[in-house]
Structures are given as C-alpha cells and as structure tokens.
Amino acid sequence: MDQSSVGADRWLLGWRRFLLDAGLLVYPLVAGAGMAQYASGAGLFAGWVIVVAFCAVYALSAWLAARSRSRWFWALVGVLTLLFLAALPFARANAFFLATVIVSLAAPRLPRFAIPLVAGSALAALLVPWAVRPWQSGPGWTQTVALVFTVLMVYAFAEAIRANHALVEARAEVVRLASEAERARIARDLHDLLGHSLTAITVKSNLARRLAANGVERSVDEITEVETLSRQALADVRAAVSGYRDVTLAGELARGRELLRASGVIADLPTAADVVDGAHQELFGWVVREGLTNVARHARATRCTVVLSASALEVLDDGVGARTSAGNGLTGLRERVAEAGGRMEAGPLDPKGWRLAVVMGAPA
C-alpha cells in the first residue's frame with residue numbers, strides 16, 4: 001500500500017474522529033447542567049461526580065475503540081451503562097442524554113442489532129420520563145430526537161470510514177496485481193529474448209574458439225558476430241524492462257486522481273493530456289507524480305488542482321503550505337526540469353496552500 005495515501009488517510013480520519021468523539025461530550029454536560037432542576041447539595045454533587053466519571057470512562061472507551069481493542073471497550077460500555085442508571089435519580093429525563101452517548105458507541109459496532117438497540121433506547125427515552133410519575137414529566141421528546149439523530153450521524157460516519165478503508169485496500173490490491181503482471185511480463189520477455197540470444201552467443205563463441213585453436217582467420221568474424229549479438233541482447237533487455245521506467249502524463253494523472261481520492265482530497269485534474277506538447281509529456285508526468293505525492297503526504301489539503309497548457313503545468317492545493325519533509329524530491333525534480341531547459345517554482349500561497357509550477361522554454 002502506498003505509504004503517502006496511508007498517512008493522509010490516517011490524518012484525515014484521525015481529526016474527524018476526534019471532533020466527533022469530542023462532540024459527544026456535549027451530552028454529559030447537558031445532563032449535568034439539567035440536574036440543578038432536580039437535585040441540590042450532596043445530591044447535586046453526587047450527580048456531577050457520576051457525570052465526570054462518565055466523561056472519563058467514555059474518553060477511554062473511545063480511545064480503545066480507535067485501536068480496535070474490543071474486549072476492554074465492551075467492558076467500559078458496561079461501566080457507562082451502570083453510570084447512566086446511577087444518574088437517573090439525579091438527572092431524571094436528562095440522563096437519557098448519557099444513553100445517547102452509549103448507543104452511539106455501541107450501534108455502529110453491532111450492525112445486526114443496531115435497529116432494535118436504537119428503537120428500544122429511543123422508546124425508553126420517550127416513555128420512561130412520562131411513566132415514572134414522581135418525575136412529573138411528560139414524554140422525553142427532546143432526548144428521543146437527540147438520541148436517534150446522533151446515532152444516525154455516528155453510524156453514517158462509521159460507514160464512511162469502512163468505505164474509505166475498502167477503497168484504500170482495493171487500490172492497494174490493484175497496484176499489487178499490476179506489479180505482479182508487470183513482473184510476469186518482464187520474466188516472459190527476458191526468457192524469450194535471452195533464451196535465443198544466449199544460445200546463439202554460446203554457439204558462436206564455441207565455434208570461434210575452435211576456429212582460433214586451428215588458426216583459422218574466420219574466428220575473428222565469429223567473435224565480431226558474438227559482440228553484435230551481445231549488444232543486441234543488451235538492447236532487447238533494456239527495451240523489455242523499459243516499462244518500469246516509462247512515465248506518461250496521462251498515466252500519472254490517472255494514478256494521481258486515485259491517490260487523492262483515497263487520501264480524501266478533491267481532485268480537480270484534467271481528463272486528457274493532449275494539450276501538452278509531446279516533447280514535454282514525460283517530464284510533466286514526473287512533475288505530476290512528485291506534486292500529487294507531496295499533496296497526499298504532506299499538504300493536509302481538501303482540494304488539489306492541476307492546470308495544463310502546451311508548455312506549462314501548475315499543481316495547486318489549499319493545504320497547510322509547509323513542505324519541510326519534501327525537499328529532496330523537489331530538489332531532484334528541479335534538476336530534472338533544468339536539464340530539460342525549463343524553470344520550476346515551488347512555494348506557499350497566500351493565505352494558505354502550495355503552488356508547484358513548471359514552465360518550459362525558460363531559463364533555469
């Protein structure tokens with residue numbers, strides 16, 4: 001799997017998951033704030049202790065869930081459920097905001113039981129405040145609506161994570177299969193080419209040796225033919241493996257589009273490369289490869305744009321702007337552009353982002 005896409009994937013999902021987990025802490029705070037209506041003094045203090053403990057256990061359970069430690073995670077979900085029950089006498093109907101957090105944690109990880117779990121919890125949040133007469137409260141519509149819509153949002157986010165992981169894994173599998181197919185092609189071509197060439201070289205060398213041993217001048221002609229065959233074999237081998245080194249602009253645009261998509265970046269890339277002069281196609285392919293790899297690996301961007309013309313190329317993103325760890329690649333690219341007679345510019349944009357530009361036919 002491409003390490004740049006993996007790093008970008010982890011960063012994008014990491015901060016989004018953090019925001020979602022932190023956002024759910026609003027519900028315990030709402031439950032705690034509502035306790036002042038029903039408790040005071042020692043009761044209010046005890047209720048807040050339960051809420052604070054709930055927040056701490058929830059934070060730990062979210063951390064364990066992100067690291068797929070299911071055994072301890074479910075144990076902590078059980079602790080959260082007990083704390084929810086303990087909070088009922090103090091927060092009453094508002095305690096069901098705590099239930100919203102619990103169900104949001106559990107439902108995405110129990111897809112077979114998600115619907116009955118959410119339905120049962122929503123029904124309890126609606127009817128319990130009305131059924132418990134000492135609470136003197138009607139149906140918990142607010143708590144029910146908050147529970148259902150929050151769980152739906154969390155479930156949708158969990159499905160997006162699964163889909164993104166499936167996309168990255170599928171892309172890695174495509175790359176692996178393509179690599180295996182290319183290795184098979186190289187092996188087949190080398191076998192066919194070298195099998196014939198080396199056999200001819202062996203026969204000619206053996207003949208030249210026998211002729212030379214007998215003092216026949218034709219041995220020189222045979223050695224000359226061996227040299228010619230050797231050069232031809234070398235040229236054929238180079239042609240066979242050239243697929244490993246060839247870079248095309250159209251191919252790099254297609255590869256870059258998938259790389260950015262897997263990294264969570266909107267790719268505004270040309271669908272064709274015909275506008276670019278044929279003499280610049282390979283060089284621009286290298287520029288696109290380096291530029292888009294840096295966007296996926298370092299930029300933390302949400303959008304990346306590639307602009308093409310006959311003799312110029314621009315790669316623009318709206319990321320953080322810094323490229324502290326991308327210096328070696330850009331240095332090598334600058335040298336490649338200078339050797340081709342072009343000029344390269346790379347630097348941050350105002351107010352944010354990064355621009356990589358190459359112009360051909362300009363002094364380096």
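Start by selecting F54, which touches P28, L80, L83, L98, V101 and I102, leaving aside residues up to four places away in sequence; contact here means heavy atoms within 4.5 Å. A word on ground rules: this is a predicted model, where local features need pLDDT of at least 70 and side-chain atom pairs count only at pLDDT 80 or more, while totals for chains, interfaces and linings use all residues. Residues are numbered from 1 along each chain as its sequence is written, and side-chain values use heavy atoms, with hydrogens and water left out.

Buried means under 20% relative accessible area, exposed over 50%, and partly exposed in between (1.4 Å probe, protein chains only). Helices (H or I, at least four residues) and strands (E, at least two) are DSSP runs, numbered from the N terminus.

**The strands**

Next, show β3 (residues 312-317). Its covered face holds L313, V315 and D317, and the uncovered one A312, E314 and L316. In a regular strand the side chains alternate between the two faces of the sheet.

What does E314 stand opposite in β5? Select A357. β3 and β5 (residues 354-360) pair in the antiparallel sense over 6 bridges; two strands pair if DSSP finds at least two bridges between them. E314 is also the bridge partner of V307. β2 (residues 303-308) pairs with β3 in the antiparallel sense over 5 bridges, and the two form a hairpin with 3 residues between them.

Then go to I266, opposite R303 in β2. β1 (residues 266-268) and β2 pair in the parallel sense over 3 bridges. From β1 the chain crosses through α10 (residues 281-299) to β2, a left-handed β-α-β crossover; right-handed would be a clockwise path from the first strand over the helix to the second, with the strands pointing away from the viewer.

**Last stop: cysteines**

Select C304, which counts as buried because its relative accessibility is 0%. C55 counts as buried too, at 18%. The whole structure has 0 disulfides (pairs of cysteine sulfur atoms within 2.5 Å).
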